[in-house]
Amino acid sequence: MRTLALVLIGLVAAIHVYILVLEMFIWRTPAGQKRFRMSAEKAEATAVLAANQGLYNGFLAAGLVWAMVSSPAELVPRATFFLACVAIAGLYGAATAMRTILFIQTVPAVLALAALWASR
């Protein structure tokens, strides 16, 4: 079960690295505009905000990687904290921005949490 937990935590971290790339580097491109359903004008007007959001997603990914490389005693509390942050951010994003965020962020984080707690 610990291996499954680590794989799922790694998946959540990878998702957040992907979000970082989307929000910090691809936001203004046609692919970014299509992904987030916005015009070039809106992308330009919100690019600084998106980059800030991307940076925060990078911090979540870094925290999850830090948890994964921690000692077994530190894995559970560190991963629990960062996965809970991801799940809560996903709930907020689903309620305020796009409902699909629930399935992109919250569901994987909750599954990783369940596997992590089952591995204890």
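**Exercise 1. The nonpolar patch**

Find which residues make the nonpolar surface patch of about 660 Å², and trace which elements give two or more residues to this patch.

*Solution.* Let's start with the members: Val17, Val21, Met24, Phe25, Leu55, Tyr56 and Phe59 make up the patch in this predicted model. Next, look for the elements behind them: helix H1 (2-26) and helix H3 (40-68) each give two or more residues to the nonpolar patch.

**Exercise 2. A closer look at Phe25**

**Exercise 3. The largest pocket**

Work out how much space lies in the largest pocket, which residues are closest to its centre, and what classes of residue form its lining.

*Solution.* Begin with the volume: the largest pocket holds about 830 Å³ of space. Then turn to its lining of 31 residues, where Glu23, Phe36, Gln53, Ala97 and Ile101 are the closest to the centre. Now sort by element: at least two lining residues come from each of H1, H3, helix H4 (72-96) and helix H5 (101-118). H3 supplies the largest share, 10 residues. Last, sort by class: the lining has 19 nonpolar residues, 8 polar and 4 charged.

Methods
Residues numbered from 1 in each chain as written. Predicted model: local features only at pLDDT ≥ 70, side-chain atom pairs only at ≥ 80, totals over all residues. Heavy atoms only, no water. Patch = residues over 30% accessible without salt bridge, like charges linked within 9 Å, V, L, I, M, F, W, Y side chains within 5 Å. Areas by Shrake-Rupley, 256 points an atom, 1.4 Å probe, with all protein chains shown as cover. Salt bridge = Lys/Arg side-chain N within 4 Å of Asp/Glu carboxyl O. Helix = DSSP H or I, 4+ residues; strand = E, 2+ residues; numbered from the N terminus. 1 Å grid on protein atoms, 1.4 Å probe; cavity = no way out; pocket = protein on both sides within 12 Å on 5 of 7 lines; lining within 4 Å. Points joined across faces, edges and corners; volume = space filled by probe spheres on them. Nonpolar A, V, L, I, M, F, W, Y, C, P; charged D, E, K, R; others polar.
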